[in-house]
Amino acid sequence: MYTHGVHQSTTLSALGGTISRQSGLVVNGDVLYYQADLQTTEHLRVQGGHVAWLQQKDSFFNMLTVEETLDLAAFLELSHFSERQRQRRVGKTMDSLGLTKLKDRQIGDSALHHGLSGGEKRRLSLALELLSSPKLFIGDEPTSGLV
């Protein structure tokens, strides 16, 4: 799909703030969101958890478990939370995506080696992005890897 001559992934990268300087592309403008309940308009920032970006390819440390992966992400992304608050957020996120039963499973390199399946890895990627409660969620081919 093209958007005014630009690949969809490029458009999503522009919204997500992930276009590299080496690409030669220049992106101008602001991304704003309106909160109807507060009747306010704010700028979306990639930093600070406003924008979540679900990449096409999942990237993990294969030696970690599902829970260790989410705990590490929560520690890095939610450093302003107490440890208890981070644990609660990780638990709720795992519950909401059906990952609780997999929490002690090592990610591994494939389902054949008792690692996660493609769909389980995709849900883990989603969980990692949702930990920060983003205001905008961008999914670049969110079903990639599920076949």
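**Gln 35**

I began with Gln 35, which lies in strand E3, residues 32-35, where helices (H or I, at least four residues) and strands (E, at least two) are DSSP runs numbered from the N terminus. The model is a predicted one, in which local features need pLDDT of at least 70 and side-chain atom pairs count only at pLDDT 80 or more, while totals for chains, interfaces and linings use all residues. I kept to residue numbers that run from 1 along each chain as its sequence is written, and to side-chain values that use heavy atoms, with hydrogens and water left out.

At 22% relative accessibility Gln 35 counts as partly exposed; buried means under 20% relative accessible area, exposed over 50%, and partly exposed in between, with a 1.4 Å probe and protein chains only. I looked up its contacts (heavy atoms within 4.5 Å) and, leaving aside neighbours within four places in sequence, found Thr 40 and Glu 42. I also noted that Gln 35 and Lys 135, 100 residues apart in sequence, have their C-alpha atoms 10.0 Å apart in space.

**The whole chain**

I then read off the secondary structure, which comes to four helices and six strands, in the order β-β-α-β-β-β-α-α-α-β along the sequence. Of the 147 residues, 31% count as buried. Among the contacts with a separation of 6 or more, 61% are between residues 24 or more positions apart. The protein exposes about 9,800 Å², of which carbon and sulfur atoms supply 52%; these accessible areas come from the Shrake-Rupley method with a 1.4 Å probe, and for residues only the protein chains shown count as cover.

**Core and Val 66**

Which residues have the most contacts inside the largest nonpolar core? I found Val 66, Leu 70, Leu 99 and Leu 124, in a core of 17 residues, a core being a set of buried Ala, Val, Leu, Ile, Met, Phe, Trp, Tyr and Cys residues joined through side-chain atoms within 4.5 Å. Helices H2, H3 (83-96) and H4 (118-130) each supply at least two residues of this core, and the largest share, four residues, comes from H2. In soluble globular proteins, nonpolar side chains tend to be buried together.

Not counting residues up to four places away in sequence, Val 66 touches Met 94, Leu 99, Leu 102, Lys 103, Arg 105, Leu 116 and Leu 124. Its C-alpha atom is separated by 9.0 Å from that of Leu 116, 50 residues apart along the chain.

Phe 75 has its place in helix H2, residues 66-77.

How many salt bridges does a search of the whole structure find? The search finds one, under the criterion of a side-chain nitrogen of Lys or Arg within 4 Å of a carboxyl oxygen of Asp or Glu. Arg 105 forms a salt bridge with Glu 120, the closest N and O atoms being 3.4 Å apart. Because Arg 105 lies in the loop between H3 and H4 and Glu 120 in helix H4, the pair ties together parts that are 15 residues apart in sequence. Arg 105 is partly exposed at 32% relative accessibility, whereas Glu 120 is buried at 14%.

I checked H4 itself: its 13 residues reach 18 Å from first C-alpha to last, close to the 18 Å expected at 1.5 Å a residue, the expected span being 1.5 Å times one less than the number of residues. Buried in H4 are Glu 120, Lys 121, Arg 122, Leu 124, Ser 125 and Ala 127.

Thr 93, in helix H3, is buried with a relative accessible area of 8% and touches Ala 127 and Leu 131, not counting residues up to four places away in sequence.

My last entry is Ser 133, in the loop between H4 and strand E6 (136-139), with a phi near 50°, a positive value in a residue other than glycine. Most residues other than glycine have a negative phi. Ser 133 is partly exposed, with a relative accessible area of 43%.
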